[in-house]
Amino acid sequence: MLVGHLTKFGRGRENIVTKRIKNPYINNYIQSHREKSGVRVIPHRNSARELMKRIKAGELIVFLLDQRANFREGGMPARFFGRPVMAHRAVAQLALRYDLPVIPIFALKRDNGRYCITYDEPLKLPKTGDMKKDARAATQLFQDVIEQKVRKYPRQWWWAHDRWRRGDETRDE
């Protein structure tokens, strides 16, 4: 539904970075709806070149930041609900390097079954000049923003994967 909203109110230059869903039937269903809506789907693996092309063209890039990353995919340790998780750092790195705004967007279901898309204010990212430190702090900020929204609307959240799966979350860069 968020993709549909973006195409309805966007400028026709919307992109979403996604990870393939393991169940091929669900993956194909979701991907086909995204593509039919006119949003360009960018697979998360090896997406740097395509992302740079889209950023330089002034296009909107949507990332789903409540997803688990792993170290191999560019994940970095963060905390979520007080527990260690691996979070994607690419958004922080891109936003800091190219001075891009990061705007949290959430889809909240109303009592009548319809959805309300909320756009929060652009986040104030840390800029100390130490890219590694700033990317870590910004990545944690993103997790904190998601956690605050989940705490405010706990019945709205559902994860189809184990956000806290043990693995490489203790590994550092």
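Start by selecting Pro 77, which stands opposite Met 86 in β5. Before going on, note that this is a predicted model, in which local features need pLDDT of at least 70, side-chain atom pairs count only at pLDDT 80 or more, and totals for chains, interfaces and linings use all residues. Residues are numbered from 1 along each chain as its sequence is written, and side-chain values use heavy atoms, with hydrogens and water left out.

Now widen the selection to β4 (residues 75-80) and β5 (residues 83-88): these antiparallel strands are joined by 6 bridges. Strands here are DSSP runs of E, at least two residues long, and helices are runs of H or I of at least four, numbered from the N terminus; two strands pair if DSSP finds at least two bridges between them. The hairpin has 2 residues between its strands, and Phe 81 takes a positive phi near 55°.

Next, pick out the open sheet of 3 strands, ordered β2-β1-β3 with parallel pairing. Its edge strands, β2 (40-43) and β3 (60-63), each pair on one side only. From one strand to the next, the twist averages 30°. Zoom in on β1 (residues 14-18), which 4 bridges join to β2 in parallel; there, Thr 18 has Pro 43 as its bridge partner.

Angles run from 0 to 180 degrees between N-to-C directions, with axes fitted to C-alpha atoms, for helices over the stretch in contact (heavy atoms within 4.5 Å).

Finally, show the whole protein chain: there are 5 helices and 7 strands, in the pattern α-β-α-β-α-β-β-β-α-β-β-α.
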